[in-house]
Amino acid sequence: IRGRNCTQTVEFSLMGFAGNPELQLALFTAFLVVYLMTLLGNVGIIILIRTSPQLHSPMYYFLGNLALVDLLYSTVVTPKLLSDLVRQKPLSYVGCVTQVFVFSVFLVTECFLLATMAYDRYMAVSHPLHYSVLMSPRLCVQLVGGSYLAGLLNGMGQTIGMLNLSFCGSVVVNLFFCDLSLLASLSSSDSTLTSLIMTVPTFLFGVSSSLIVLVSYIAIVSIILSIRSTEGKCKAFSTCASHLTTVSIFYGNGLFVYLKPSSLKSREEDKWVAVLYTVVTPMLNPLIYSLRNQEVKEALRRLRARKRT
């Protein structure tokens with residue numbers, strides 16, 4: 001009955017992939033491998049950046065924070081997913097609210113970190129001689145701090161939206177984590193305010209961060225096209241290649257999820273799209289930056305050589 005308030009007794013059964021018992025062992029193994037690679041890759045990137053003086057530059061400062069955010073928002077989702085594949089256990093109301101808050105914080109923080117990195121790449125391509133002066137340590141800290149602040153504001157907004165909803169008894173969620181847009185449709189109360197709270201920050205934060213990325217890369221492409229030598233063009237493009245790959249994967253998944261018509265939502269493939277941006281993408285980012293970046297490869301070789309001696 002809508003309007004009835006019995007939230008305090010509610011439990012959330014995150015069904016996720018529980019409907020495929022014959023696949024659960026294979027899924028558990030695959031997700032465990034991916035999560036371990038996520039931990040190893042992102043922790044490795046953070047340690048490598050902190051211990052390698054040649055990586056103490058704005059680009060790698062942003063990359064270290066991106067690795068931290070990837071590690072944290074994957075950890076919000078994946079351990080619970082693995083646990084439910086072994087033994088289904090309902091999530092408490094407090095646990096669900098916490099998951100909504102933390103995931104919302106780090107998801108938007110990642111959006112703005114990627115936007116900040118796009119701006120950083122623009123400065124590196126357009127002002128190579130003055131790059132270290134323009135991208136000062138103080139500015140870098142401010143940009144990263146602003147990214148976390150945007151994430152925190154989004155998390156607070158999403159949490160208020162969650163607290164505005166009422167649920168009764170055991171709520172079955174056809175996903176492997178607490179997603180506010182899905183929870184709003186399962187609520188026993190009017191979700192109009194919550195829908196507004198979800199829509200406004202998504203528009204403000206999502207559109208603003210994506211516009212920064214888009215404008216930065218339009219400017220970068222125009223600069224690259226104005227370079228006469230082929231070698232210069234290749235060097236300028238290689239400066240942005242890893243970040244452009246990461247942005248394409250992240251925003252590609254996001255556009256599919258949030259811009260798909262509502263009549264097509266709640267299909268089974270939505271779970272797999274959610275797997276891509278919550279489980280797989282945090283694993284891919286350190287691989288993209290380590291496999292395609294000569295400076296990271298060189299820093300890794302020096303670190304290995306240091307350990308041997």
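A residue is called buried when its relative accessible area is under 20% and exposed when that area is over 50%. An α-helix has 3.6 residues a turn, so residues three or four places apart point the same way. Helix H1 covers residues 24-51, 28 residues in total. Its first and last C-alpha atoms are 40 Å apart, close to the 40 Å expected at 1.5 Å a residue.

**Confidence**

The mean pLDDT of the protein is 84, and 91% of the residues score at least 70. Confidence is highest in helix H5 (residues 137-163), with a mean of 94. It is lowest in helix H8 (residues 230-259), where the mean is 74. Where pLDDT is low, the predicted coordinates should not be read in detail.

| Helix pair | Angle between axes | Axis separation |
|---|---|---|
| H2 and H5 | about 20° | 10 Å |
| H3 and H5 | roughly 150° | within 7 Å |
| H5 and H7 | about 165° | 8 Å |

Helix H2 spans residues 58-86 and packs against H5 at about 20°. Because angles under 35 degrees count as roughly parallel, H2 is roughly parallel to H5. H2 passes H5 in a right-handed crossing. On the H2 side, the contact is formed by Pro58, Tyr61, Phe62, Asn65, Leu68 and Val69. On the H5 side, the residues are Cys140, Val141, Leu143, Val144 and Tyr148.

Cys140, a residue of helix H5, can be followed individually. Its relative accessibility is 3%, so Cys140 counts as buried. Apart from neighbours within four places in sequence, Cys140 is in contact with Pro58, Tyr61, Phe62 and Met135. Cys140 and Phe62 are 78 residues apart along the chain, and their C-alpha atoms are separated by 7.8 Å.

Helix H3 (residues 93-126) crosses H5 at roughly 150°. The cut-off for roughly antiparallel is an angle over 145 degrees, and H3 and H5 are therefore roughly antiparallel to each other. Their crossing is right-handed.

Helix H7 (residues 192-226) packs against H5 at an angle of about 165°. That angle makes H5 roughly antiparallel to H7. The crossing of H5 and H7 is left-handed. Here H5 contributes Ala150, Leu153, Asn154, Gly157, Gln158, Ile160 and Gly161 to the contact. The H7 residues in this contact are Thr194, Ile197, Met198, Pro201 and Phe205.

**Helix H7**

The 35 residues of H7 should span 51 Å at 1.5 Å a residue, and the end C-alpha atoms are 50 Å apart, which agrees. The buried residues of H7 are Thr194, Ile197, Met198, Pro201, Phe205, Ser209, Val213, Ser216, Tyr217, Ile220 and Ile224. Among them, Thr194, Ile197, Met198, Pro201 and Phe205 also take part in the contact with H5.

Val94 belongs to helix H3. Val94 has a relative accessible area of 58%, so Val94 is exposed. Val94 and Arg306 are 212 residues apart in sequence, and their C-alpha atoms are 47 Å apart in space.

How values were computed
Residues are numbered from 1 along each chain as its sequence is written. This is a predicted model: local features need pLDDT of at least 70, side-chain atom pairs count only at pLDDT 80 or more; totals for chains, interfaces and linings use all residues. Side-chain values use heavy atoms; hydrogens and water are left out. Helices (H or I, at least four residues) and strands (E, at least two) are DSSP runs, numbered from the N terminus. The expected span of a helix is 1.5 Å times one less than its number of residues. pLDDT is the predictor's confidence in each residue, from 0 to 100. Axes are lines fitted to C-alpha atoms, for helices over the stretch in contact, and angles run from 0 to 180 degrees between N-to-C directions. Angles under 35 degrees count as roughly parallel, over 145 as roughly antiparallel, 65 to 115 as roughly perpendicular and the rest as oblique. A crossing is left-handed if the near helix is turned anticlockwise from the far one by less than a right angle, and right-handed if clockwise. Contact means heavy atoms within 4.5 Å. Buried means under 20% relative accessible area, exposed over 50%, partly exposed in between (1.4 Å probe, protein chains only).
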